[in-house]
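Hi there,

Here is the structure I promised to pass on.

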Amino acid sequence: MKHNAFWYRKNHLGVLIALIFFGLAACEEEADCTTDSTNVASVEFTKLISNEGSNSEEDIADDILIFKPGNDTPFQLTPTGFPLDPASNSTTLYIFREIDNTSTIDTIVLNYQREQTLISPDCGPDQRFFGISIDTSQTTFDSVWVRNAEVASVAETVNLRIFTCRYEMTNVFQLRFNYPQDEDDEVTDTIFVRRVYSSIGKEDLLQNDTIPEGGGLTVAVPVTMDSQKVQVFLETEEENSMTYDLEAFYQQDTFQAAHCLAQDRYRLDSVRLGINPGRLDTIAIENETFNLNNPINAEVTIE
Amino acid sequence: MRKLLLSNVLAGILGLTLVNAQAVDSLDEVGKYEPLALHVGVSVNNIIRTVLRPDDTNYSFQADVVLGRYLMVAEYGWAELSRASDLESIDIAENPFQYSSRGSFFRIGPDVNLLTNQAKTSFRADEDIIFFGLRFARAQLSHDLTFVTRDDITDTNGNNNAFWPQQQLMAQNNSQAAIWFEMTAGMKVQLYRNIFLGYNLRFKFARNFLGGDPSLVPYEIPGYGFGSQDEQFRFDYYLFYRIPIKR
């Protein structure tokens, strides 16, 4: 019995001592110095064309420089990103862009959290940046998208996407007066236009121009959302001064392409001859939407 | 010999009581949850660490009361450590730091003995035991890190800090708490009379920080281990003294 008790205890001690050595080896501090922490938040500037049906990207990239407050030395942004101040939870940067020979300076404020860790005595400390939010109230950007709030050097997605949009919708109604060639008439006639004006706005839309026979004249007629009708007057200088008019009816709503600001959209409903049509004859609608890409919305033929 | 140990372990794990039909479990006589003994112990590895590493001070103690097959365990400890950059390291020399922390911890929870006694008549836990247990743990610490900032923007020569200059910062947290849970298993083996040696293998999980500024992550949480890791495996070795209450 005593023999059994001895071996019973000795076995337990053997297992215990073996595990002590195993455990001592396992408790060594192991240093893994790899870190993907960085203070540079990756950023992607995207220029969009805001138009009905799509918001396609523009190929042209702006030259972008960034400055920090109190420092005149610029930093070329491409291809890195916004350097976050490693000593603060907020960074203000001035972004200088050159667009079509025009300079724009935006002030962007990045707010974020920092976390400090001592990786190991051999590796040293590490600082992580995360929880990025952005104040764009002092910028001309159309929108900013925080795609990835954690800053890392090996991130799969960029931290920030900044969108600037070029808007192609307009509030200008393009009206063309056509003066077709009379094949029977051997003499080429010309209409002298003293002015064109509309019921919206006091300024003349056009003054002292001509419409040769077989040619035409396009007039840009601004409209407003306060009204749904614009009356256009064509004042000619013939034997006597004559004024002809037509009425265009339109509707307005709001259109918003993704990542761009909402904008007003005007669409032509109908155009008809006015109270004194005179030589104005037929009217045809070419494009309903008032858009920079639509050179003519409606055509009216002059007899 | 090995068979004897293995059969004991397996019997415990499977919950089988290898009791001889004629033998009587002594727990039946004294009561299943009767206090049989007290153990008080000190962590040996923490003492060794304190002796070998002048930058570290670690002590932890354990006390348990044996209630039949079960033990109710309470542990307490405190720790202080400091770490500074090794100036011989090129990387660290460019990025010097100093870190220090101090704090304490406690753990409470039950253990169950899985080993029958040598006569295979009882699982009473005041002798050699193989145990499994659960712990709730909480640590309180204060710590600080002095470091130099790093800006990853490089100049034309490839040097860092091209946009933001280096600054020395101090991050500190004077009142940070952490809680976690542990699954623990181990042995207690009688060395001589009432002196026992034992180890605990601990799996620590569900670590959460409470209070304080969470921006500074503790390098080590007293009683837990590396603060940046959500889970930890750790060993502890204890020297116990048993105070018998009832045989």
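Let's start in the middle of things: the largest nonpolar core has 23 residues, and A:Phe173, A:Val232 and A:Ala248 have the most contacts inside it. By nonpolar core I mean a set of buried Ala, Val, Leu, Ile, Met, Phe, Trp, Tyr and Cys residues joined through C-beta atoms within 7 Å. Buried means that 20 or more other C-beta atoms lie within 10 Å of a residue's own (12 or fewer is exposed, in between is partly exposed), with C-beta atoms placed from the backbone. The elements giving two or more residues to this core are strands E11 (172-179), E12 (190-198), E15 (229-237), E16 (241-255), E17 (263-273) and E19 (298-302) of chain A. Strands (E, at least two residues) and helices (H or I, at least four) are DSSP runs, numbered from the N terminus.

Before you go further, keep in mind that this is a predicted model: local features need pLDDT of at least 70, side-chain atom pairs count only at pLDDT 80 or more, and totals for chains, interfaces and linings use all residues. Residues are numbered from 1 along each chain as its sequence is written, while chains are lettered from A and ligands numbered from 1 in the order in which they are written.

(Two residues are in contact if their C-beta atoms, placed from the backbone, lie within 7 Å.)

Now the sheet. Five strands of chain A form an open sheet in the order E13-E12-E15-E16-E17, with antiparallel pairing. Its edge strands are E13 (206-212) and E17 of chain A, each pairing on one side only. Two strands count as paired if DSSP finds at least two bridges between them. E16(A) and E17(A) pair in the antiparallel sense over 10 bridges, and A:Leu246 has A:Leu273 in E17(A) as its bridge partner.

Another pair to look at is strand E7 (residues 102-120) and strand E8 (residues 124-135) of chain A, which run antiparallel and are joined by 10 bridges. A hairpin links E7(A) to E8(A) through three residues, and A:Asn111 stands opposite A:Ser133 in E8(A).

Zooming out, chain A has one helix and 19 strands. Of its 303 residues, 25% are buried. Among contacts in chain A with a separation of 6 or more, 55% are between residues 24 or more positions apart.

Chain A is assigned domain 1 (40-167) and domain 2 (172-302), with bounds that come from an automatic or database domain assignment. Taken over C-alpha atoms, the centres of these two domains of chain A are 46 Å apart. In chain A, 10 residues of domain 1 are in contact with nine residues of domain 2. On the domain 1 side of that meeting, strands E1 (40-51), E9 (143-146) and E10 (160-167) of chain A each supply at least two residues. E10(A) gives the largest share, three residues.

Finally, hop over to chain B. B:Asp128 lies in the loop between strand E4 (97-113) and strand E5 (129-148) of chain B. Is B:Asp128 buried or exposed? It is buried, with 23 other C-beta atoms within 10 Å.

Happy exploring!
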